[in-house]
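Please keep the sequence and the structure at hand while reading.

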Amino acid sequence: QPQAIRAAVVACARAAIGRMGDRVSSVPAAQAVQSFARSLSGAPAGNHALPFRTPAVPGGGGGYPRAFGPLRPAGLPAVSEEGGTYDASAPLDLGQPLAQLHRGYILAQTADGIVLVDQHAAHERITYERLKAELAAGAVKVQPLLTPAEWHPGERELAWLHDHADSLRTYGVELRLAGDAVRITGIPAMLRDESPLEIAAELVAACMLTGAQGGAQARVLERWLGNRACKGSVKAGRRLLPEEQTALLRTMERTPNIAQCNHGRPTYVRLSLADLERLFGRRE
């Protein structure tokens with residue numbers, strides 16, 4: 001029973017990673033200090049377009065900047081890999097942003113050191129967890145399309161759709177069959193800025209490969225949702241306003257499994273004051 005064995009192994013691995021918490025985002029102090037020193041020494045002289053400054057924290061009410069779109073509060077409970085409510089008994093503190101480095105990393109100051117955040121990797125995990133939470137709650141918000149997108153799938157995909165088209169509604173994709181064409185009438189609201197054709201084609205491919213019913217949903221998510229979350233996340237190279245940087249850090253703090261992106265890369269790395277003091281020769 002290879003599928004059952006694989007599912008059991010994946011479940012065990014996810015549970016173990018979840019217990020590790022943000023330790024996964026830690027690296028040996030010497031390695032972190034060396035990497036940080038290299039990044040600073042490699043910066044070209046006079047590159048001060050993004051000054052180090054502490055932006056004002058947005059006012060109360062949980063308001064997030066409009067420019068950051070997907071990071072606006074979704075009103076959904078955080079959900080763990082196992083589907084239960086996320087226990088934030090050890091709250092994560094990522095401090096306050098000081099600057100954006102090379103339009104890809106956020107430098108933040110905490111009470112006991114600094115944090116470097118990979119903005120794309122972090123937003124990728126946030127998008128994934130929010131979509132997963134909506135699916136777990138059976139409440140995926142659908143964005144109706146004013147003009148349906150017409151898709152001409154291959155023969156295999158079309159045959160599969162004739163039997164399983166209704167199952168795609170679970171994932172927020174609505175469509176109608178019209179002869180050898182498919183009219184896509186709705187997509188997940190969280191992915192409304194992406195191509196309806198790509199969303200539908202990738203979802204059908206994932207469902208055909210893994211199955212669309214029952215316990216197979218986790219494998220569909222793994223293949224389709226992880227890919228869509230990556231493509232729909234804020235990209236490296238995009239300049240973030242100070243309030244957008246703050247919004248990202250605050251959202252990360254309440255997102256489960258935030259230590260790694262969907263591909264297993266760390267989303268942030270910590271350097272303690274002791275690490276910084278060693279970097280500048282203040283301690284052994």
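Predicted model: local features only at pLDDT ≥ 70, side-chain atom pairs only at ≥ 80, totals over all residues.

Across which strands does helix α5 lie? Helix α5, which spans residues 196–210, lies across β4 and β6, and runs at about 85° to β4.

## The chain as a whole

The protein chain contains eight helices and seven strands. Of its 284 residues, 40% are buried. Among the contacts in the chain with a separation of 6 or more, 73% are between residues 24 or more positions apart.

## The sheet of β4, β6 and β5

Three strands form an open sheet in which the order is β4-β6-β5 and the pairing is antiparallel. Its edge strands are β4, covering residues 142–151, and β5, covering residues 174–178, each of which pairs on one side only. From one strand to the next the twist averages 15°.

Within this sheet, β5 is paired in the antiparallel sense with β6, residues 181–188, over five bridges, and R176 has R183 in β6 as its bridge partner. Helix α4, made up of residues 155–164, packs on the sheet and touches β4, β5 and β6, with a direction that makes about 110° with that of β5.

## How α4 meets α5

On the α4 side the contact is made by R156, E157, W160 and L161, and on the α5 side by V204, C207 and M208. Sorted by class, the residues in this contact of α4 with α5 comprise five nonpolar, no polar and two charged ones.

Strand β2, residues 105–110, pairs with strand β3, residues 113–118, in the antiparallel sense over six bridges. A hairpin of two residues joins β2 to β3, and Y105 is found opposite D118 in β3.

Strand β3 also pairs in the antiparallel sense with strand β7, residues 268–272, in this case over five bridges. In that pairing, the bridge partner of G113 is S272 in β7.

## How α3 meets α7

Helix α3, residues 119–136, and helix α7, residues 242–253, have axes that come within 10 Å and cross at roughly 50°. That angle makes α3 oblique to α7, and the crossing in which α3 passes α7 is left-handed.

In this contact, Q119, A122, H123, I126 and R130 of α3 meet L248, T251 and M252 of α7. By class, the contact of α3 with α7 comprises four nonpolar, three polar and one charged residues.

R254 and L92 are 162 residues apart along the chain, yet their C-alpha atoms are separated by 7.6 Å.

Key:
Residues numbered from 1 in each chain as written. Heavy atoms only, no water. Pairing = 2+ DSSP bridges. Helix = DSSP H or I, 4+ residues; strand = E, 2+ residues; numbered from the N terminus. Axes fitted to C-alpha atoms, helices over the stretch in contact; angles between N-to-C directions. Parallel < 35°, antiparallel > 145°, perpendicular 65-115°, else oblique. Left-handed = near helix turned anticlockwise from the far one by under 90°. Contact = heavy atoms within 4.5 Å. Nonpolar A, V, L, I, M, F, W, Y, C, P; charged D, E, K, R; others polar. Buried < 20%, exposed > 50% of the residue type's maximum accessible area, 1.4 Å probe, protein only.
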